[in-house]
Amino acid sequence: MRRWILTGDNAKHWKSQLHSRADWLWIWGLLLAALLLYTKNLGDLPLRDWDEGTVAQVAREIWRSPANWLHPKIINGEPYLNKPPLMHWLIALTYTIGGVNEQTSRLPGALLTALGIPILYSIGREIFHYRTPAIFSALVYLVMLPVLRHGRLAMLDGAIVSFFLFTVWCLLRSRRNLRYCLGVGIGLGLIGLTKGMVGLLLGAIALLFLFWDTPRLLGSWYLWGGIAIGSLPVAAWYAAQWWEYGHQFTDRAVVDQSLSRIWQAVENHQHPPWFYLLEILKYCFPWLIFLPSGLLYTWNHRNWSWAKLILVWGGGYLLAISLMGTKLPWYVLPVYPAIALAVGVQLTQFWQQPYPAKYPRYAIAFLTLLAVVAWAASLYYSSWNTAPDWELQWILAAVAGTMTLSAWLAVRGERQFIIVLIWGMYVALLLFVTSHHWVWELAEAYQVKPVAALIQARTPPNREIYTSFAYNRPSLDFYSDRRVISSSFSQLQQRWQQPQPFLLLDRSTLKRLQLPSVKSLGQVSGWTLVTREKS
């Protein structure tokens with residue numbers, strides 16, 4: 001029988017190959033699990049208002065007129081000056097391949113967000129001595145509800161998080177190989193081409209970590225050269241916009257959409273400094289159970305690189321956005337990878353306890369409480385309700401079963417409660433994304449697609465429509481391919497005096513206006529499209 005005697009360099013080489021193979025298996029496994037969860041049923045629900053509707057409009061205009069790729073437009077040829085167009089370019093590319101629809105609108109962001117899960121695993125392999133905390137961190141990040149929800153939407157923020165994860169991974173690798181400094185610059189450049197000034201904040205977070213952990217790199221020309229190379233496309237795009245639009249661009253894109261958000265609330269998005277803490281409290285269960293002890297363990301080991309990264313990343317970014325004047329729920333997304341790392345560290349401590357383990361009573365109590373609440377909610381939406389919701393019932397039943405079994409295993413001291421918790425949440429989220437609840441904002445207003453179809457069928461192209469609805473709906477603009485402008489009662493009266501006006505009115509406003517020579521073009525979902533009779 002041949003025997004392998006592993007000594008010296010041969011043993012190290014064999015061990016390195018074994019670890020590399022296992023890491024690649026985990027990377028591919030995490031990627032496949034993420035792709036299934038993040039891309040399933042993307043096109044089943046309409047685009048929601050605000051970011052999705054606006055992003056899709058800009059991408060469609062680029063698809064229609066590729067010559068405008070450098071200077072994007074929105075409906076009726078109006079310049080789009082809010083954000084750099086990297087995501088809009090990617091969505092326009094998918095329109096070229098698969099047509100203009102919800103699936104192609106959401107696919108680029110979903111794919112980029114899914115790529116963040118194996119990248120976070122790779123970050124864990126760089127900062128932890130063992131594979132277990134890297135695995136748990138990536139799995140927790142995989143089943144975080146706010147990351148999943150916003151990552152599947154046609155928005156910019158899921159891609160931003162993945163670009164920053166790539167930046168951090170390259171930063172950690174550059175401590176051993178300076179060539180990865182180019183990747184740092186590329187990652188920050190991609191952030192800058194997606195959301196402009198956010199790249200400065202995330203770049204400052206990365207440099208602050210280096211200042212604390214590896215200050216020698218701050219004096220490396222490789223690092224600053226990589227950042228300079230990555231910044232060139234961003235600087236070129238900003239220069240091209242300024243050359244085309246001048247002060248209109250700086251006032252709109254740089255001041256109104258970026259800098260002014262720091263010291264004032266833009267578009268009435270004003271909230272107290274603890275707003276993002278509440279967002280984390282609302283949507284981070286069950287992982288929030290393990291976060292306080294994970295952060296305490298991280299603080300007690302703050303002389304280690306992994307702890308420095310978690311503290312600077314999570315604490316620095318959360319502090320910065322909490323002090324900003326404008327607060328939106330998706331601004332907090334870049335914090336969640338740091339939370340996942342802290343939770344992964346704590347789950348590793350639980351996993352390594354000898355059987356039978358004595359897990360904290362508060363953790364078992366919270367798991368039990370979540371199980372009771374989920375069972376009660378599941379029964380509420382069952383046939384006992386006058387309007388049962390079977391989709392929601394099954395989702396809540398999956399959560400309830402997961403929490404029940406996890407709590408029971410934790411009471412018995414079985415470390416498998418962690419596996420059950422992760423797997424159960426994955427199944428529950430898989431049910432969630434196959435339901436019509438995952439874009440719950442659609443229930444806040446009337447269904448947009450029937451109204452948009454009426455507008456598109458009964459009005460000429462490139463005409464502005466005026467509506468009595470309380471606010472503008474970018475999704476309605478996208479589906480109708482018209483500008484539908486929210487107007488007050490007096491403004492609607494004035495609009496009626498224009499040549500061939502088009503008004504979209506609810507029943508009460510239509511009665512109050514008492515319009516002369518009115519002609520109804522159709523009615524749907526409680527809304528009536530009217531114009532003036534031709535004399």
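The model is predicted.

Rolling a probe the size of a water molecule over the atoms shows where empty space is left. Searched as a whole, the structure has three cavities of 30 Å³ or more. The largest cavity has a volume of about 40 Å³.

The lining of the largest cavity consists of F164, V168, L171, I205, A206, F209, L309 and W313. Three helices each give at least two residues to this lining: helix 7 (157-173), helix 9 (198-213) and helix 14 (305-323). What is the lining made of, by class? The largest cavity is lined by eight nonpolar residues, with no polar and no charged ones.

Now turn to an open space. The second largest pocket has a volume of about 680 Å³. Its lining counts 25 residues. To find the centre of this pocket, look for L145, F285, L396, V399 and M425, the lining residues that lie nearest to it.

Helix 17 supplies the largest share, five residues.

Of the residues that line the second largest pocket, 23 are nonpolar, one is polar and one is charged. The lining of the largest cavity, by contrast, has no polar and no charged residues.

Conventions: Residues are numbered from 1 along each chain as its sequence is written. This is a predicted model: local features need pLDDT of at least 70, side-chain atom pairs count only at pLDDT 80 or more; totals for chains, interfaces and linings use all residues. Side-chain values use heavy atoms; hydrogens and water are left out. On a 1 Å grid over the protein atoms alone, a cavity is a set of points where a 1.4 Å probe fits but cannot get out, and a pocket is an open set with protein on both sides within 12 Å along at least five of seven lines; lining residues have an atom within 4 Å of a point. Grid points are joined across faces, edges and corners, and a volume is the space filled by probe spheres set on the points. Helices (H or I, at least four residues) and strands (E, at least two) are DSSP runs, numbered from the N terminus. Ala, Val, Leu, Ile, Met, Phe, Trp, Tyr, Cys and Pro count as nonpolar, Asp, Glu, Lys and Arg as charged, and the others, Gly among them, as polar.
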